[in-house]
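Reader: Here is the model I wanted to go through. Can we start with how the copies relate?

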Number of protein chains: 2
Amino acid sequence: MARIEVRRNILEANENLALRNRNFFDANEVLVVNVMAAPGAGKTSTILRTIEYLGDRYAFAVIEGDMASRIDADVMAAKGIPVEQINTGNMCHLDANMIGRAAGTFTYGRPTILFIENVGNLVCPSEFSLGEDLNIVIASTTEGHDKPYKYPAIYLKADAVLINKTDLMEAMEFDRKMFCDGVAAVKPMPPLFEISCRDGSGLDAWVGWLTGQCERKFGREARKLAER
Amino acid sequence: MARIEVRRNILEANENLALRNRNFFDANEVLVVNVMAAPGAGKTSTILRTIEYLGDRYAFAVIEGDMASRIDADVMAAKGIPVEQINTGNMCHLDANMIGRAAGTFTYGRPTILFIENVGNLVCPSEFSLGEDLNIVIASTTEGHDKPYKYPAIYLKADAVLINKTDLMEAMEFDRKMFCDGVAAVKPMPPLFEISCRDGSGLDAWVGWLTGQCERKFGREARKLAER
């Protein structure tokens, strides 16, 4: 009983902080993309590839979430990307409080895309709003095509689904239809993009969609301003 | 404050139930192996391969843990393996209460190896004892060599570490030394086995070690009895 009560209080408090984050991001012309996936599905690679592809069309920032280490933050920093590492200790997800603190440390160009790389986990991150505009779930062909059936909650939250490591799709005998049927069993099928961070294939469609989301938030003018 | 209190109460209650499970398993000559890994690392395949390899040397049972679906239980049942599926709903791990209920449903041969396939998650399962004898962490070459640095808690709990998908090790540029250094940074290096469930390589060493653990628990006589 106490457990359910505390759980509800935690989620409510988080929603309030997420709303505050959202207002902050809107006021600063920041589009926030919460990237969720299993460990090793390619979150860091996808973020890097996307930023490379978009070049100087937008400003960028990245928040890295891991229980421990700064491995991914170091990768981003080495590429000159503004980055904050959050170490969650024994926590299995990022929450709005952590994001609020980390987000306050950046100087934002206008407009900015902020990628939040959540803790690699197909369960817990789905419950905690961060103030994001978009929730992205990355599956990888090497983790198998049955994951939407086993982890429905995270797919339920997805505004777009990426299948990464498509260069291994055939070798892995990844069943695209079974995967898609699994997602579609949870919700109306969200936009699906098949990419390979290794060979770069499929990035154009994904980045095109993301750019559309940016234009919807910032307006076309903002984009042109950034291009100058 | 309430959150920490509730958390401690939950973990304490779980420990008590885990102890009860342990007594039950000992009384029934059951060796319990808690299998933990990221989604898609090969938990089900490793359990299947191990049971195939051991043949009729022991009796077997499997408890499958997933948020949703009976996909893995159906795979086990199709092979004639006694299996119980636990669906955790929004829970990110199995706990001792769930295991106690599921474990009571089997008729145990003597001696039995019970494999518990935990929810695919490198964070939460590490906190909850189930009454197991052995904790096994399976890494896969496709998820990358940096996971021990990012998810130290689960490696801290490992009595043995398996690296699966070694047939892809070279293609994935999996750095064995970096991986092992990461595990060794958390604890004295536990036994490490490199296997491929796809081509069957490396299973002999792993199964040999597991057999040794069985003999330690059951004594050599029990094994001979089972062989007749």
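Author: Chain B can be laid on chain A with an RMSD of 0.0 Å, by a turn of 180° and a shift of 0.0 Å along the axis. That is the relation of a two-fold axis. Copies are superposed by least squares on the C-alpha atoms of residues with pLDDT of at least 70 in both. This is a predicted model: local features need pLDDT of at least 70, side-chain atom pairs count only at pLDDT 80 or more, and totals for chains, interfaces and linings use all residues. Residues are numbered from 1 along each chain as its sequence is written, with chains lettered from A and ligands numbered from 1 in the order in which they are written.

Reader: How many residues of chain B are in contact with chain A?

Author: 30 residues of chain B are in contact with 30 residues of chain A (C-beta atoms, placed from the backbone, within 7 Å).

Reader: Which helix of chain B gives the most to that side?

Author: Helix 1 of chain B, with four residues. Helices (H or I, at least four residues) are DSSP runs, as are strands (E, at least two), numbered from the N terminus.

Reader: And do the copies meet through the same surface or a different one?

Author: The same surface, because 100% of the interface residues of chain B are also interface residues in chain A.

Reader: Switching to helix 7 of chain B. Which residues are buried?

Author: F179(B), G182(B) and V183(B). Buried means that 20 or more other C-beta atoms, placed from the backbone, lie within 10 Å of the residue's own.

Reader: What do they pack against?

Author: Strand 5 (134-140), helix 5 (147-150), helix 6 (152-156) and strand 6 (160-164) of chain B.

Terms used: A residue is buried if 20 or more other C-beta atoms lie within 10 Å of its own, exposed if 12 or fewer, and partly exposed in between; C-beta atoms are placed from the backbone. Two residues are in contact if their C-beta atoms, placed from the backbone, lie within 7 Å.
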